[in-house]
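Have the sequence and the 3D view open as you read.

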Amino acid sequence: MYIQTRGQGPALALIHGWAMHGGLFAPLVERLSDRYTLHLVDLPGHGHAREDTAPLVPDVLAAELVARVPDAVWLGWSLGGQFALRAALDFPEEVRGLIMVASSPRFVIDEGWPHGVKPQLFRDFGEALGRDFRGTLEGFLALEALGSSYAQEELRSLKAQAFERGEPAPRALQEGLVLLDRLDLRAELAQLRVPSLWISGRRDRLIPAGAMPAAAAMAHDARSVVIANAGHAPFLGAADEVAAQIDAFMRAVTAPA
């Protein structure tokens, strides 16, 4: 794993989504690094950690993340939320708070859970990677931007930054798709012992906006915020609003007792 540290103040660690890297959080770094220490994670197989062959096992990586960045608020975007949520569940004494951005305890539709995509979506992406690696990644980027009021700008930003640190390792991408398809942390939300903020984009076509309020309702001391014009990457098209929500949450959970 690779962790880049920027800024000063209380610690906020950020974990990227599938096929991405910590550089995607540049809009939040610009808006928050003057008052928070931001730890930008590249998961194994991604970005500057492309040669790291450690498997994407949430409980193992969560333990390593918390050991390397203790006493922090953890933010996870999309797939990254699975690692941030695991850290908050397993290490409540070391995690001050949890921010889930366009991330859900369950990414696919299930009985009693309409807030996801059809399971075949991630399996189709997995099969397509072997036929057209770059084209499949760019197709996923387009899906992430779809629906946003700023879709074209977000897609340009995603494409410009996605491969800035080289292409992610195929092995890591396949492991990530399996996680997106199979992980289900709904039953554990009732045991979440740290404050949490769930940020979603109303126009998200990958994680339906209803997933975040539904997840927040399952957890103690949780709040959900739906950003009207945003898609799956709200920190790109609605960076000011997302940063303001993060700032308010950080001030609340890091204030002296």
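Arg165 is buried, with a relative accessible area of 17%; buried means under 20% relative accessible area, exposed over 50% and partly exposed in between, using a 1.4 Å probe and protein chains only. Its salt-bridge partner is Asp42, with the closest N and O atoms 2.9 Å apart. This pair links distant parts of the chain, 123 residues apart: Asp42 sits in strand β3 (residues 37-42), Arg165 in the loop between α6 (151-162) and α7 (170-182). Asp42 is buried too, at a relative accessible area of 0%.

The model is predicted: local features need pLDDT of at least 70 and side-chain atom pairs count only at pLDDT 80 or more, while totals for chains, interfaces and linings use all residues. Residues are numbered from 1 along each chain as its sequence is written, and side-chain values use heavy atoms, leaving out hydrogens and water.

**Salt bridges**

- Side chains of opposite charge can pair when their charged atoms come close.
- The structure has 17 salt bridges, each being a side-chain nitrogen of Lys or Arg within 4 Å of a carboxyl oxygen of Asp or Glu.
- Arg123 and Asp181 form one of them, with their closest N and O atoms 3.0 Å apart. The two residues link distant parts of the chain, Arg123 in helix α4 and Asp181 in helix α7, 58 residues apart. (Helices, H or I with at least four residues, and strands, E with at least two, are DSSP runs numbered from the N terminus.)
- Asp247 is buried, its relative accessible area being 12%. Through shared partners, salt bridges join Asp34, Arg35, Asp247 and Arg251 into one network.

**Aromatic pairs**

- You can look for four aromatic pairs here. Rings of Phe, Tyr and Trp (its six-membered ring) pair if their centres lie within 6.5 Å; planes under 30 degrees apart count as stacked, over 60 as edge-to-face and the rest as tilted.
- Trp18 and Phe125 have ring centres 6.5 Å apart and planes at 55°, so their pair is tilted. Trp18 is in the loop between β2 (11-15) and α1 (26-32) and Phe125 is in helix α4 (residues 120-131), so the pair ties together parts 107 residues apart in sequence. Trp18 is buried at 1% relative accessible area, and Phe125 is buried at 13%.
- Phe25 and Trp77 also have ring centres 6.5 Å apart, but their planes stand at 80°, so this pair is edge-to-face. Phe25 lies in the loop between β2 and α1 and Trp77 in strand β4 (residues 72-77), so parts 52 residues apart in sequence are tied together.
- Phe25 and Trp77 are both buried, and together with Phe235 they form one aromatic cluster.

**Two crossing helices**

- The axes of helix α2 (residues 58-68) and helix α3 (residues 80-90) come within 8 Å and cross at roughly 70°. That makes α2 roughly perpendicular to α3.
- Residues that meet include Leu61 and Leu65 in α2, and Phe83 and Ala87 in α3. The residues of this contact divide into seven nonpolar, one polar and three charged.
- Axes are lines fitted to C-alpha atoms, for helices over the stretch in contact, and angles run from 0 to 180 degrees between N-to-C directions. Angles under 35 degrees count as roughly parallel, over 145 as roughly antiparallel, 65 to 115 as roughly perpendicular and the rest as oblique.
- Contact means heavy atoms within 4.5 Å. Ala, Val, Leu, Ile, Met, Phe, Trp, Tyr, Cys and Pro count as nonpolar, Asp, Glu, Lys and Arg as charged, and the others, Gly among them, as polar.
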